Amino acid sequence: MSSGDDQQSQALAKPTFSEVQASALVESVFGLKVFKIQPLPSYDDQNFHVCISRTKDTTDGPTEYVLKISNTKSSKTPDLIEVQSHIIMFLRAAGFPTASVCRTKGDNITSLMSVDSGSEIKNYLVRLLTYLPGRPIAEIPISPQLLYEIGRLAAKLDKTLEKFHHPKLSSLHRENFIWNLKNVPLLEKYLYALGQNRNREIVKQIIQLFKDEVMSKLSHFRECINHGDLNDHNILIESSKSAFGDAVYQVSGILDFDDMSYGYYVFELAITIMYMMIESKNPIQVGGHVLAGFESIIPLTTVERSALFLLVCSRFCQSLVMAAYSCQLHPENEEYLMITAKTGWKHLQQMFDMGQKTVEEIWFETAKSYKSGIPCD
């Protein structure tokens, strides 16, 4: 298949339900009467914010939901989506601020919808989750203390999932999943989307460094289940006033478990650091605060620490390359797809130019300062 055909098939994989169709889905599959519905931004699935009307059967339940319609490619892996849904429920039961998963009228957690598009029958897996309160962390200036708490959250999440069991758990071994950090070399086939420029050269060098220096270390990393996408739009926060009158932020929601897969503790940390850098005015400082929070739950080994810089750079590459590629597939969704790219290229260039030793010194000294009780700003 040529890259053009490949692009076309992936572009067609994204659902294109209208608000009227989505509303009818909620009523027919979940038995809820829709009062208002509007689309939510999404990468390659389709999401809707749904408000339902109260009835005598729903007097005490939630009134706001998120309808998730998986793309045709993901809909071919129902076992994976089932496991992800059970993880959301497991984490909620363990005290994490995740959504509740709603059951269909047939008492299932997903429903497979078949749609005749004229030329073929397309299948879409549909789920309904409760809508979580709060605003994305991307919308506020993040303090060192909040970065520390997010590092702790990432570690606690992975640690809690050590106790998760499910008969279909092996579906999280997603061998060629482009968003798993071990698959950074797969980015090479998408590099053409960048054109010919310095950004492309930096990405090529990082991919080579990953092959040379990270691949050989993978067997020494500690394996776990990763959320894989703790970005600044997937962590919601709510504010309350402290005794001194200033705002105190707490995490009120963790969203989007679609990128879950088997990975390593250090992967979750690297991904979280990278995304917390995006909107920061002091991006290089971010890593030390997140690292300190993470290590308060799961201290890294020497070999994991030695790979952290390259893993953060590698996640920048994944996000930026795939955003450029996806923009070619879905130019109408460019504003959402390029959120990371607005500052991401600048941050990656800065890290790359400063070099591993300099950046690591900043991160490790900041993390060390927490142990003395006087964290660096």
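Helices H6 and H7 sit oblique to each other, since their axes cross at roughly 140°; angles under 35 degrees count as roughly parallel, over 145 as roughly antiparallel, 65 to 115 as roughly perpendicular, and the rest as oblique. You're looking at a predicted model, where local features need pLDDT of at least 70 and side-chain atom pairs count only at pLDDT 80 or more, while totals for chains, interfaces and linings use all residues. Residues are numbered from 1 along each chain as its sequence is written, and side-chain values use heavy atoms, with hydrogens and water left out. There's also a sheet of 5 strands here, and a search of the whole structure turns up 13 salt bridges.

**Helix pairs**

- H6 covers residues 265-277 and H7 covers residues 283-295, and their axes come within 9 Å. (Helices are DSSP runs of H or I with at least four residues, strands are E runs of at least two, and both are numbered from the N terminus; axes are lines fitted to C-alpha atoms, for helices over the stretch in contact, with angles from 0 to 180 degrees between N-to-C directions.)
- On the H6 side, the residues in contact (heavy atoms within 4.5 Å) include Leu 269, Ile 273 and Met 276, and they meet H7 residues including Ile 284, Val 290 and Phe 294.
- H7 has another partner in H11 (residues 356-371): these axes come within 8 Å and cross at roughly 40°, so this pair is oblique too.
- The H7 and H11 crossing is right-handed, and H7 brings Gly 287, Gly 288 and His 289, among others, to a contact where H11 supplies residues including Trp 363, Phe 364 and Tyr 370.

**The sheet**

- The sheet is open, its strands run in the order E1-E2-E3-E5-E4, and the pairing is antiparallel (two strands pair if DSSP finds at least two bridges between them).
- E1 (34-40) and E4 (111-116) are the edge strands; each has a single partner, so one side of each is left without a neighbour in the sheet.
- From one strand to the next, the twist averages 30°.
- E1 pairs with E2 (residues 46-52) over 6 bridges, and Leu 40 has Asn 47 in E2 as its bridge partner.
- Helix H2 (residues 19-30) packs on the sheet, touching E1, E2, E3 (64-69), E4 and E5 (121-130), and its direction makes about 125° with that of E1.

**Salt bridges**

- Lys 33 and Glu 27 pair up at 3.9 Å, N to O; a salt bridge is a side-chain nitrogen of Lys or Arg within 4 Å of a carboxyl oxygen of Asp or Glu.
- Asp 79 bridges to Lys 168 with the closest N and O atoms 3.6 Å apart; Asp 79 lies in H3 (residues 78-93) and Lys 168 in the loop between H4 (144-160) and H5 (198-214), so the pair ties together parts that are 89 residues apart in sequence.
- Lys 168 also reaches Glu 82 at 2.9 Å, which links that loop to H3 across 86 residues.
- Salt bridges that share partners join Lys 68, Arg 127 and Asp 258 into one network.

How values were computed. A crossing is left-handed if the near helix is turned anticlockwise from the far one by less than a right angle, and right-handed if clockwise.
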